[in-house]
Amino acid sequence: MANKVYADARSALEGITFDGMMVMSGGFGLCGIPENLIIALRDSGVKNITVISNNAGVDSWGLGLLLETKQIKKMISSYVGENKEFARQFLAGELELEFNPQGTLAERCRAGGAGIAGFYTKTGVGTLVAEGKETKVFNGETFVLETGLVADLSIVKAWKGDKEGNLIYRETARNFNPMMATAGKKCVAEVEILVEAGELDPDAIHTPGIFVDRIVQGNFEKRIEQRTTRKRENA
Amino acid sequence: MPWTREQLAQRAAKELRDGFYVNLGIGIPTLVANYIPQGMEVTLQSENGMLGMGPFPYEGDEDPDLINAGKQTITALPKTSYFSSADSFGMIRGGHIDLSILGAMEVNGRGDLANWMVPGKMVKGMGGAMDLVAGVKRVVVVMEHTSKDGASKLLKKCSLPLTGVNVVDLVITDLGVFAIDKHGEAPMRLLELADGVSLDEIKAKTEAPFVSA
């Protein structure tokens with residue numbers, strides 16, 4: 001039985017990164033991002049990568065780290081508003097950008113991982129995102145053809161994992177991670193808690209281990225982007 | 001007097017119904033959650049992967065794994081469920097969400113909506129807005145009636161890149177409320193005027209044709 005467990009994020013990426021590659025990176029904002037694998041990807045020195053991720057991190061954290069070092073050639077995202085360096089590079093023509101509606105992006109990843117080459121959606125019909133794409137009428141309503149996405153590598157973050165690569169996510173840190181785990185030719189997962197096979201409830205597993213090639217336990221900063229609270233009422 | 005932000009949110013809350021699953025956009029739509037009528041059960045969806053969104057946490061209780069679509073820390077409720085982005089947008093596109101309340105830069109009389117892009121400015125992206133307007137059963141826009149320079153935002157034809165075509169059912173502005181026949185040919189219908197706003201004033205500030213109900 002091949003060993004999927006790696007000692008750290010850096011060794012977990014060894015031999016599977018190359019210049020010009022396409023990488024999927026899980027997370028929504030800074031929630032549920034594979035923060036250790038992003039740092040390891042930066043340290044690998046890989047260049048000219050295309051990154052598929054809902055967002056582009058913030059300055060100096062998450063994918064913002066890979067922007068600072070100019071390792072990203074192109075982003076495929078739905079919303080990139082939280083990153084000044086991103087805006088600077090984009091406006092200077094140094095960075096390509098493809099916007100996908102968030103649901104279309106999620107479904108493109110799901111489709112890619114599930115062997116679906118394309119699908120028709122009503123999202124974006126009549127807008128810029130449908131320009132140049134085939135449309136088809138079903139029951140009197142127009143749908144646009146979108147394609148599945150497969151990346152060379154997907155990096156995802158889960159809460160718990162076992163040595164077989166089975167993953168369980170926590171709360172809204174799940175987001176894009178399950179689909180992206182299925183849609184990388186190689187998938188590396190980082191988890192907060194790594195346990196022996198048999199210790200996770202098989203009925204509770206979100207991502208079956210078949211999708212995960214390598215797994216690593218990490219320490220996490222888990223930065224909060226917008227800290228919003230309410231006052232405690234006095235007892 | 002035109003309606004204030006809070007009054008706009010209060011008016012939008014009248015579109016809620018008992019048992020509704022609702023997605024609220026960023027800005028004034030978020031405030032609608034403060035005006036859910038007593039005794040009415042409404043479940044808020046957050047498109048990053050949550051049904052049953054609770055209020056902000058108490059100071060010190062923030063959980064980085066638990067955020068809303070605006071990336072704000074929030075809390076769960078006893079009825080909460082979590083799911084992936086694919087399942088979340090399956091709910092949205094699949095017509096399982098009853099109501100979406102969101103902001104806009106322009107709306108036309110046919111229910112076309114523009115709210116994601118101003119050419120020449122840094123574009124942040126559409127996020128989930130295109131999926132929401134395409135898939136949710138009923139789409140309500142809350143916006144200022146005119147732009148900062150006084151131009152009507154209710155137009156015959158939107159000038160900005162669209163978020164969706166024939167998608168808006170109701171527009172609530174600081175001057176009044178309009179119903180849109182998004183799949184038909186009928187002009188917009190003015191349903192209500194804000195207190196103290198005259199028919200002449202709203203006519204002067206509305207480019208799209210409309211009839212008074």
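Predicted model: local features only at pLDDT ≥ 70, side-chain atom pairs only at ≥ 80, totals over all residues.
**Ground rules.** Local features need pLDDT of at least 70 and side-chain atom pairs 80 or more, while totals for chains, interfaces and linings use all residues. Residues count from 1 along each chain as written, chains are lettered from A in the order written, and side-chain values use heavy atoms, without hydrogens or water.

**Helix α5(A).** I looked up residues 102-113 of chain A, a 12-residue helix (a DSSP run of H or I, at least four residues). From first C-alpha to last it reaches 17 Å, close to the expected 16 Å (1.5 Å times one less than the number of residues). A:E107 and A:R108 are among the buried ones. After the helix comes A:G115, with a positive phi near 75°.

**Cores.** I took a core as buried Ala, Val, Leu, Ile, Met, Phe, Trp, Tyr and Cys residues joined through side-chain atoms within 4.5 Å. The largest has 48 residues, and B:V107, B:L113, B:V141 and B:I172 touch the most other members. Its largest share, 5 residues, comes from strand β8 of chain B (138-143); a strand is a DSSP run of E, at least two residues. Apart from this core lies another of 39 residues, including A:L13 and B:V123.

**A:E171.** I placed A:E171 in the loop between β10 and α6 of chain A. A:E171 is buried at 16% relative accessible area. Leaving aside neighbours within four places in sequence, A:E171 is in contact (heavy atoms within 4.5 Å) with B:D63, B:D65, B:L66 and B:Y82.

How values were computed:
Buried < 20%, exposed > 50% of the residue type's maximum accessible area, 1.4 Å probe, protein only.
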